[in-house]
Amino acid sequence: MGPDATLIWAGSLFAIAIAIGTAFRFLSGRGHRVKTSECIDLSRLKVSKNGVLVSEFGKKATLVQFSTEYCGQCPGVRRSLSQLEYRHGSLLYIDVDITDRLDLAAHFSISQTPTVFILDGLGEIKFRIGGVPKYAIIRAELEKLGAL
Amino acid sequence: MTELKRIDPRGPRFGAAITSVFAIIAFGFSLDNWVYAWLILWVLFALFALSVFGKNITHPYSYLFQKFVRPRLAAPAELEDPRPPHFAQQVGLSFAVFGVISGFFWPLGVTIAAAFIFLAAFLNAFFGLCLGCQMYLGLRRIGLLRQ
């Protein structure tokens, strides 16, 4: 093979890498609707917030974020979702650390963190997003539930 | 857990950028003069091995980053847990080992290893997509990894 062919091969590999990266940028964090109509059991999650065990869902919607200690992008997502909760009274936001609770990860088939679930007022999972969520999508889904 | 020193996430990405340059050069060579490619894979193997096993040795990447890059950057928005990038280095190391060993009898293996190392390093450096980190929770879940 001459140098031309080598350049073509290397260029194709480069193009493949850019295509994968762009697809990832575009698709990651978009999420999808959940149809299984599973309700989350808060007593199983055992999340506390400000030192109090969370026992009730948000009036209109609840955002559940699953994080791990080694997750680099979780704190940023935590901040922006907390902000959202702070501004909207009927919305509850909880963060579940699943570092040592792999049973939860297995139960909800979580393979990456952050993963965010959007629940309706009754605690039923309506939407799930793997990876850093796109803010506009979260807003649109919460609007559908009347939480914003 | 908390005694682990948190790191600037741009450090590993800077290292990945250098690795990706090495890897695409190796990939290009591997199609023509695969022995050169093999030599570059040996270099990558040494670099990965150093970051996986060299606990108290300053890695050349982190030396470059701290000396020349970090002083020119603003403070990081977020510090990161070192475990996923460290795990990603282990994944990189296993590819380099595969390439280095197959160089003895199967030159195509060198090409394959260089291609995978390039893809992973490039996506990490320029898109912030860390394949190893993405696999980390999944692998722990199916029990292939421990803390």
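Predicted model: local features only at pLDDT ≥ 70, side-chain atom pairs only at ≥ 80, totals over all residues.
Let's start inside. The largest nonpolar core has 68 residues, and the members that touch the most others are Leu41(B), Ala114(B), Ile117(B) and Phe118(B). The top contributor to this core is helix α5 of chain B, residues 107–127, which puts in 13 residues.

Of the 21 residues of α5(B), 16 are buried, so the helix is largely enclosed by the rest of the structure. Its length checks out too: at 1.5 Å a residue, α5(B) should span 30 Å, and this agrees with its end C-alpha atoms, which are 30 Å apart. Just past α5(B) sits Gly128(B), with a positive phi of about 70°.

What is Ile117(B) in contact with, leaving aside its neighbours within four places in sequence? The list runs to Thr19(B), Ala23(B), Leu44(B), Gly92(B), Phe95(B) and Ala96(B).

Now for the contact between the chains. Chain A brings 24 residues to it and chain B brings 26 residues. On the side of chain A that touches chain B, the elements giving two or more residues are α1 (3–27), α3 (74–87) and α4 (102–107) of chain A. Of these, α1(A) gives the most, with 11 residues. Sorted by residue type, that side of chain A looks like this:

| Type, side of chain A that touches chain B | Number |
|---|---|
| Nonpolar | 14 residues |
| Polar | 8 residues |

Notes:
Residues numbered from 1 in each chain as written. Chains lettered and ligands numbered in written order. Core = buried A, V, L, I, M, F, W, Y, C linked by C-beta atoms within 7 Å. Buried ≥ 20, exposed ≤ 12 C-beta atoms within 10 Å, placed from the backbone. Helix = DSSP H or I, 4+ residues; strand = E, 2+ residues; numbered from the N terminus. Contact = placed C-beta atoms within 7 Å. Nonpolar A, V, L, I, M, F, W, Y, C, P; charged D, E, K, R; others polar. Expected span 1.5 Å × (residues − 1).
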